Amino acid sequence: MPFTIVRNDITAMAVDAIVNTANPRPMIGLGVDSAIHEKAGPDLLQARQKIGDISRGCADITPAYDLPAKYVIHTVGPVWVDGFQGEETLLRSCYENALRLALKHNCQSIAFPLISTGTYGFPKDKALQIAINAFSTFLLEHEMQIYLVVFDQTSYRLSEKLFQGVASYIDQHYVDLYDTLSYDVDECRESICRRRDIEICESRCLQEEFLPRAPMAVSKAMSLEDMLKQADAGFTETLLKLIDKTGKKDSEIYKKANISKQHFSKIRNNPAYKPTKPTAIALALALELNLEETKDLIGRAGYALTNSSKFDLIIRYFIEQRNFNVVEINLALYEFDQALLGV
């Protein structure tokens, strides 16, 4: 998974590079900077002193010494004033310059904190969106494992508008599977109709993705060979046809899907390959399929979207909003304690 969120102490990350929110002068600051210096040992400060001052938005690199990483990339974030002093541009530069340095030093993995959101006071929702955009743009062009390291869910925040939109959608459409399965099919349908709004009831009342299904009627005269001949195309075959239809390269799709090149190769080279549900959905999002097209594609891998899964509802929400940014969707999934997309 080229981008993922982890709950961890950044000083414990065994990656090629960790990013330090450094003081502009060669001295130990507070927060992440202090923790990194403490664990790296005194040699890190000496290396930092050789660099000298670092301008805001810029970055430099040193060995990591006693840290489990190879390098520490020091970047100086902006102090938030009012949003009209170039703070967003400077913060974006922090991420871009850190990633360039990691690329220059052949790093395969890098761990970031949410820069400038501590003592520098940058609003967390704005800082998070800038990080998302920087990571998304970089990963479309390059192969690297990027970690966003947070202590807990209070360490960052989706925009209030997005969070409330997702939460409201879940509240409106969520149907508890345990409750529905305690009825027979007809009673279950009535229950769903009572619990959903009219629009959802009319469009989904007969949907039985999470209800018991009757066995498919098969002609006695139809042989197994005939049945197999009539089978729909599998997931891999359908996926590759859809990619060809877009005219895009494989790399454009698997990078947008937050899937590694190696994993995509397994899918491409094995017509019978069955991806996980998060992987299948990530690829549908990368193709920017609508809801019905998404259901068709993941259905060929044996999956469905239901109203009894918060994960599924979050995916539906973003598809209906035509927001196909897998990095941003993963942040929403993380916010609601759901599995992340991609591999």
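Let's start with two helices: the axes of H13 (residues 277-286) and H15 (residues 310-320) come within 12 Å and cross at roughly 5°. H13 and H15 are therefore roughly parallel to each other, a label used for angles under 35 degrees, with over 145 counting as roughly antiparallel, 65 to 115 as roughly perpendicular and the rest as oblique. This is a predicted model, so local features need pLDDT of at least 70 and side-chain atom pairs count only at pLDDT 80 or more, while totals for chains, interfaces and linings use all residues. Residues are numbered from 1 along each chain as its sequence is written, and side-chain values use heavy atoms, with hydrogens and water left out.

- On the H13 side, the contact (heavy atoms within 4.5 Å) is made by Lys277, Pro278, Ile281 and Leu285, and on the H15 side by Phe311, Asp312, Ile315 and Ile319.
- Sorted by class, the H13 and H15 contact has 6 nonpolar, no polar and 2 charged residues; Ala, Val, Leu, Ile, Met, Phe, Trp, Tyr, Cys and Pro count as nonpolar, Asp, Glu, Lys and Arg as charged, and the others, Gly among them, as polar.
- H10 (residues 235-246) and H12 (residues 261-269) pack with their axes 8 Å apart, at an angle of about 110°, and are therefore roughly perpendicular to each other.
- Phe235, Thr236, Leu239, Leu240 and Ile243 of H10 meet Phe264, Ile267 and Arg268 of H12; that contact has 6 nonpolar, 1 polar and 1 charged residues.
- H4 (residues 124-139) and H16 (residues 326-335) sit with their axes 9 Å apart and pack at an angle of about 135°, so the two are oblique to each other.
- Here Leu128, Gln129, Ile132 and Ser136 of H4 touch Val327, Glu328 and Leu331 of H16, which by class makes 4 nonpolar, 2 polar and 1 charged residues.
- As for the terms, axes are lines fitted to C-alpha atoms (for helices, over the stretch in contact), and angles run from 0 to 180 degrees between N-to-C directions.

**The sheet**

- An open sheet is formed by 6 strands in the order S1-S6-S5-S2-S4-S3, and the pairing is mixed.
- S1 (3-7) and S3 (59-63) stand at the edges with a single partner strand each, so one side of each has no neighbour in the sheet.
- Neighbouring strands are turned by 25° against each other on average, direction ignored.
- S2 (residues 17-21) and S5 (residues 109-112) run parallel and are joined by 2 bridges; two strands pair if DSSP finds at least two bridges between them.
- Alanine 17 has isoleucine 110 in S5 as its bridge partner.
- H1 packs on the sheet, touching S2 and S4 (71-75), and its direction makes about 130° with that of S2.
- H2 (residues 42-51) also packs on the sheet, touching S3 and S4, with its direction at about 140° to that of S3.
- Helices (H or I, at least four residues) and strands (E, at least two) are DSSP runs, numbered from the N terminus.

**The largest pocket**

- The largest pocket has a volume of about 580 Å³, a volume being the space filled by probe spheres set on grid points, which are joined across faces, edges and corners.
- On a 1 Å grid over the protein atoms alone, a pocket is an open set of points with protein on both sides within 12 Å along at least five of seven lines, whereas a cavity is a set where a 1.4 Å probe fits but cannot get out; lining residues have an atom within 4 Å of a point.
- Its lining has 26 residues, and Thr21, Gly31, Val32, Leu114 and Gly118 lie nearest the centre.
- H1 (32-40) and S6 (145-150) each supply at least two lining residues, and H1 gives the most, with 3 residues.
- By class, this lining has 12 nonpolar, 11 polar and 3 charged residues.
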